[in-house]
Amino acid sequence: MPQQVRGVVARAKGAPVEVVPIVIPDPGPGEVVVAIAACGVCHTDLHYREGGINDEFPFLLGHEAAGVVESVGEGVDSVAVGDFVVLNWRAVCGQCRACKRGRPQYCFDTHNATQKMTLEDGTELTPALGIGAFADKTLVHAGQCTKVDPSADPAVVGLLGCGVMAGLGAAVNTGGVTRGDSVAVIGCGGVGDAAIMGARLAGADKIIAVDRDAKKLEWATDLGATHTVNGAETDPVEAIAELTGGFGADVVIDAVGRPETWKQAFYARDLAGTVVLVGVPTPDMTLEMPLIDFFSRGGSLKSSWYGDCLPERDFPMLVDLYQQGRLPLEKFVTERIALDQVEKAFETMHRGEVLRSVVVL
């Protein structure tokens, strides 16, 4: 039978979110109902509320989550009732041209649940990134569930579902950071700090954090940065050059996603170095640069989608590293909040006062 639970809904562009009753259908073929244990408050949820993703209101927000499988639909054999899972928003299809070429991290036809969750009056909800986890329970495709160590703290490991994986993967998977590399990260919010953590995990020799906020630079240092640059006081390109013997960094990660920060990343890399864009630009942003600069510097210019991760490969490994004390994911959890505090958490996040607020249910 369909269930009525609580969920955080954005009804209209820019309007405060509300905790309202929502209806979760029984899982159909390939679908799973997950009882949510914790869900991080991500900038993407705020973008949804502000209409920056699309206008398919009302939205059921939340996507950076962990929980326990409550029920499964026909044909589901990848997870079972009682499994502890981290949710992901890119469940690979296995059949598209990217998957068939052995590049499933670029899957062009990822799965979501077929049925719709609704408001009490039957109005269909659009789940954020196909998940909708600011709720007691949610309905997802089975491929969006990745089993991990059930003894792990859901408020911590759920963050792998989006921001932490995006940043860490941008360094390790997309950027290919390896032992002895010099790395610069521009923008030290949650995603940028996760990139710093990833660079440290990969054995980078020099990790340079760039931001205009002194508090964020402190966070970056705590998470593995060896040097910091305050962009409000110093030109980042010049500072990175000075810290790397005049050459520039081997890998520069733009975790902001603005034309000015991307240019800084481009000119702050070494010849034949790599630039990784993981910060998300808005559709109106444009870039104008001399084409000869692209030709004469060589190297790689990359965009990172979800840290180029494969959830079934990456999530369990990273949770194991966290459990072993080798990956301090817990440092990303600034505060634990209730479901009715999401709107306040958006304000705190917008002011740059937290790395992550996490809803705990």
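Is Val237 buried, partly exposed or exposed? Val237 is partly exposed, because its relative accessible area is 22%, and the scale used here calls a residue buried under 20% relative accessible area, exposed over 50% and partly exposed in between (1.4 Å probe, protein chains only).

## Basis of the model

This is a predicted model, in which local features need pLDDT of at least 70 and side-chain atom pairs count only at pLDDT 80 or more, while totals for chains, interfaces and linings use all residues. Residues are numbered from 1 along each chain as its sequence is written, and side-chain values use heavy atoms, with hydrogens and water left out.

The chain is divided into domain 1 (3-161 + 328-360) and domain 2 (167-304), with bounds that come from an automatic or database domain assignment. The centres of the two domains, taken over C-alpha atoms, are separated by 29 Å. Eight residues from domain 1 and ten residues from domain 2 take part in the contact, where contact means heavy atoms within 4.5 Å.

Between them, domain 1 and domain 2 bury about 860 Å², 70% of it on carbon and sulfur atoms; buried area is the accessible area (1.4 Å probe) that two parts lose on being put together, summed over both. Of the area that domain 1 buries against domain 2, Lys331, Phe332 and Leu355 supply 55%, more than any other three residues. One salt bridge is counted between the domains, a salt bridge being a side-chain nitrogen of Lys or Arg within 4 Å of a carboxyl oxygen of Asp or Glu. The side chains of Lys331 and Asp222 meet in a salt bridge at 3.4 Å, N to O.

## Nonpolar cores

A nonpolar core is a set of buried Ala, Val, Leu, Ile, Met, Phe, Trp, Tyr and Cys residues joined through side-chain atoms within 4.5 Å. The largest has 33 residues, and those with the most contacts inside it are Val32, Leu61, Leu87 and Phe134. The elements that give two or more residues to this core are β1, β3 (31-40), α1, β5 (64-72), β6 (84-87) and α11, where helices (H or I, at least four residues) and strands (E, at least two) are DSSP runs, numbered from the N terminus. A second, separate core of 31 residues includes Val148, Trp219, Phe315 and Phe332.

Leu61 touches, among others, Val8, Tyr48, Phe134 and Phe346, not counting residues up to four places away in sequence. In helix α11 (residues 342-350), the buried residues include Val342, Ala345, Phe346 and Met349, and the buried residues of α11 pack against β1 (3-10), α1 (43-49), β17 (335-337) and β18 (357-360).

## Individual residues in helices

Val237 lies in helix α7 (residues 236-243) and touches Gln264, Tyr267 and Ala268, not counting residues up to four places away in sequence. Asp314, found in helix α10 (residues 311-323), is buried, with a relative accessible area of 4%.

## Backbone details

A cis peptide bond joins Phe57 and Pro58, with omega of about -5°, and Pro58 lies in the loop between α1 and β4 (59-60). Just after α11, Gly352 takes a positive phi of about 75°.

Leu129 has a positive phi of about 55° although it is not a glycine; Leu129 is placed in the loop between β8 (126-127) and β9 (137-141). Asp308, likewise not a glycine, has a positive phi of about 45°, and Asp308 counts as buried because its relative accessibility is 7%.
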